Amino acid sequence: MSITKKATVLVAGLGLVTLSACGSSDEQSAADSKTVTLVSHNSWAASKDVIAAFEKSSGYKVKVLKDGDAGQAVNKAILTKDNPQGDVFFGVDNTLLSRALDNGLFQPYEAEGADLVLPEYRADEDQHRVTPVDTGDICVNYDKKYFADRKLAPPKTFDDLIKPAYKNLLVTENVSTSSPGLGFLLGTAAKYGDDGWQDYWKKLKANGVKVVDGWEQAYNEEFSGSAGGKKAKGDRPLVVSYASSPPAEVIFADPKPATAPTGVAEGTCFRQVEYAGLLSNAKNPEGGKALLDFLISKQFQDDMPLNMFVYPVREGAQVPEEFTKYGPQAEDPETMDPAKIADNRDQWVKSWTSLVLK
């Protein structure tokens, strides 16, 4: 976001299930025991028939609570962990995973089918507090028409973004509230190292980078290449988004274009993995376990890409043709060891905030 990541205006998310009031506490308790609540960021989406199949086979009704951008949703989940809003949280990624684990957000559970998750996406294998669900690349996207009209080559790398030719063209997200924003910061830290990333951001700031709170605002309001926004298009032809955003632009266009109207600067990508976990103090842990099993089932993993525009993590899951044609994964994305993220993230966010927002 999900890689995916993850045009929430472009895709139709699963609506909330409205529960009717029951006449007694016993009846309410019985109803609650058959409802499993998933808490997620705004990019959650799934096919209704796939959710219906889970509900029929498991006996649980699914209720979904969307709670803002991923960073905001994780922070709120931590603050409410003693009395959680739901049973399962989906959408904590590798940039924020250690924060969630260190704060005791999840309880251990090894989901059925966890052995079929590709090894490179597994985490916390000694305790199984999280289950990998999807992966994607956070990258700068560009508006092809803007650059073609001006006969200007779009940027390809981090270094390109600080060149005068791209002054005042890039919009990104606040790293303290947005997972793609944080992923972009980590990509620069991986590229330029502990001693170089701050100097890079000084140059990026001098080159007119614009910062907004979250992905939806950046992509659907500020980016000139988005077709999914409810408001008028913005004037920034460069945006921090996902490698899977171009396929979304094609799939939801009417009529469908022969080529994607947006492209990806492949030298700016950072590999993201998203996880789900059984919340500590979940009121319906058995329902939560069933839902986690489902999230890495082949049925859900096959369905997920064209709903949340992320890649599956299960061995043998299908990747849509549109992904390989319009939004292939980066061949050499920036990555970072989770332990290094855990050791440095909070200080990097603090330094970034002081450097960029003040």
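Colleague: Is Tyr 166 buried or exposed?

Modeller: The model is predicted, and the values discussed here are computed from it. A residue counts as buried when its relative accessible area is under 20%. Tyr 166 has a relative accessibility of 8%, so Tyr 166 is buried.

Colleague: How many aromatic pairs does the structure hold?

Modeller: Rings are paired if their centres lie within 6.5 Å. By that cut-off, the structure contains aromatic pairs to the number of 19.

Colleague: How is the pair of Phe 147 and Tyr 166 classed, by the angle between the ring planes?

Modeller: Planes under 30 degrees apart count as stacked, over 60 as edge-to-face and the rest as tilted. The ring centres of Phe 147 and Tyr 166 are 6.3 Å apart and the planes stand at 55°, so the class is tilted.

Colleague: How many residues apart in sequence are the parts that Phe 147 and Tyr 166 tie together?

Modeller: Phe 147 belongs to helix H5 (residues 144-149), and its relative accessibility of 2% makes it buried. Tyr 166 lies in the loop between helix H6 (158-161) and strand E6 (170-173). The pair therefore ties together parts whose separation in sequence is 19 residues.

Colleague: What kind of aromatic pair do Trp 197 and Trp 348 form?

Modeller: The rings of Trp 197 and Trp 348 are 6.4 Å apart, centre to centre. With 70° between the planes, the pair is edge-to-face.

Colleague: Which helices hold Trp 197 and Trp 348?

Modeller: Trp 197 is buried at 1% relative accessibility, and Trp 348 is buried at 6%. The pair ties together parts that are 151 residues apart in sequence. The helices are H8 (residues 197-206) for Trp 197 and H15 (residues 338-356) for Trp 348.

Colleague: Which ring does the charged end of Lys 34 sit over?

Modeller: A charge sits over a ring if, among other conditions, NZ of Lys or CZ of Arg is within 6 Å of the ring centre. Arg 150 lies over the face of Tyr 146, at 3.7 Å from the ring centre. For the charged end of Lys 34, the distance to the ring centre is 4.5 Å, and the ring is that of Tyr 60.

Colleague: Which cysteines form a disulfide?

Modeller: A disulfide is a covalent bond between the sulfur atoms of two cysteines. The count here comes to 1 disulfide. Its sulfur atoms are 2.1 Å apart, and the residues are Cys 139 and Cys 269.

Colleague: Is the disulfide of Cys 139 and Cys 269 right-handed or left-handed?

Modeller: Cys 139 and Cys 269 are both buried. The torsion about their S-S bond is about 115°, so the disulfide is right-handed.

Colleague: How many bridges pair E5 and E9?

Modeller: Strand E3 (residues 88-93) pairs with E9 in the antiparallel sense over 5 bridges. Strand E4 (residues 106-107) is joined to E9, also antiparallel, by 2 bridges. E5 and E9 run antiparallel as well, and their bridges number 11.

Colleague: How many residues of E9 are buried?

Modeller: E9 is mostly covered. Of its 18 residues, the number buried is 15.

Colleague: With which side chain does the side chain of His 41 make a polar contact?

Modeller: His 41 is found in the loop between strand E1 (35-40) and helix H2 (48-58). Its relative accessible area is 4%, so His 41 is buried. The contact has a length of 2.8 Å, and the partner is the side chain of Glu 274.

Colleague: What arc around the axis do the buried residues of H2 cover?

Modeller: The buried residues of H2 are Val 50, Ile 51, Phe 54 and Glu 55. They lie on the same side of H2, because the arc they cover is only 140°.

Colleague: Which exposed residues does the face of H2 turned away from its buried side carry?

Modeller: A residue counts as exposed when its relative accessible area is over 50%. On the face of H2 turned away from the buried side, the exposed residues are Lys 48, Asp 49, Lys 56 and Ser 57.

How values were computed: Residues numbered from 1 in each chain as written. Predicted model: local features only at pLDDT ≥ 70, side-chain atom pairs only at ≥ 80, totals over all residues. Heavy atoms only, no water. Phe/Tyr/Trp six-rings, centres within 6.5 Å; stacked < 30°, edge-to-face > 60°. Helix = DSSP H or I, 4+ residues; strand = E, 2+ residues; numbered from the N terminus. Buried < 20%, exposed > 50% of the residue type's maximum accessible area, 1.4 Å probe, protein only. Lys NZ or Arg CZ within 6 Å of the ring centre and 35° of its normal. Disulfide = S-S within 2.5 Å. Pairing = 2+ DSSP bridges. Polar contact = N/O pair within 3.5 Å; in protein donor to acceptor, adjacent residues only side chain to side chain. Arc of directions from axis to C-beta.
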